[in-house]
Amino acid sequence: RRGLVAQFAGRLRERINASSADLDQLSGHLQASYMFAAKQRLGEANGLTSQAESRLQVGLDEDAIGVLSEASNRLRLSLSELGNDDLSQGLIQLDMIRCQVQVQERLAERLRLRGQDASTIEAQIQELQGLVNEGMKRMRMGDYSGANDLFGDASQGGQYYSSGQGGSGSG
């Protein structure tokens, strides 16, 4: 269990860092006060993730889980209060898609380790990453509703997540 919690902490840190980079790319679209507040919350989320990792090292697994929950909440809060609902929605959807990519990457890795074909899932990962890239391109151009339309069902799991559950045949 400790290993799973540590893996979750690592994946959460990746998402925090990716969201911070997204905000940097979109800084011209945000008022300075919203950018500062969002970056501060992301810093808090990163700090909480470090606290959770420290608690894991000393065997305080339940405490670590609680701290990671708070870190995840700070990440979500940092993306939801940007002074522009469409931009916030796009960044939240982007984070959800990144979660799916992480899940799909783990699934593909497990399939490869078992000697099974992971090409279907790998293709889904590539498609999701293409959505991330195109969506960020649209957001950098100020087309937040276009990015949100592009993300659509993919951010809710849509076809990618459901087909990825068993997408390589019998599992």
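Student: What should I keep in mind about the model?

Tutor: The model is predicted, so local features need pLDDT of at least 70 and side-chain atom pairs count only at pLDDT 80 or more, while totals for chains, interfaces and linings use all residues. Residues are numbered from 1 along each chain as its sequence is written, and side-chain values use heavy atoms, with hydrogens and water left out.

Student: Why is Val-5 called buried?

Tutor: Buried means under 20% relative accessible area, exposed over 50% and partly exposed in between, using a 1.4 Å probe and protein chains only. Val-5 has 9%, so Val-5 is buried. This residue lies in helix α1 (residues 2-25); helices are DSSP runs of H or I with at least four residues, numbered from the N terminus.

Student: What does Val-5 contact, leaving aside its neighbours within four places in sequence?

Tutor: Contact means heavy atoms within 4.5 Å, and Val-5 has such contacts with Leu-56, Ala-64, Ile-65 and Leu-68.

Student: What makes the pairing of Arg-98 with Asp-22 a polar contact?

Tutor: A polar contact is a pair of N or O atoms within 3.5 Å; within protein, one must be able to donate a hydrogen and the other to accept it, and residues adjacent in sequence count only if both atoms are side-chain atoms. The side chains of Arg-98 and Asp-22 meet at 2.6 Å, and this is a polar contact.

Student: How do you know that Asp-143 caps α6?

Tutor: One of its side-chain oxygens lies 2.9 Å from the backbone nitrogen of Gly-146, at the N-terminal end of α6. Gly-146 is among the buried residues of α6 (residues 144-151), as are Tyr-144 and Phe-151. The buried residues of α6 pack against α4 and α5 (119-140). Just after α6, Gly-152 takes a positive phi of about 35°.

Student: Which residues in α3 and α4 meet?

Tutor: Leu-75, Arg-76, Leu-79 and Ser-80 in α3 meet Ser-88, Leu-91, Ile-92, Asp-95 and Met-96 in α4.

Notes: Helices (H or I, at least four residues) and strands (E, at least two) are DSSP runs, numbered from the N terminus.
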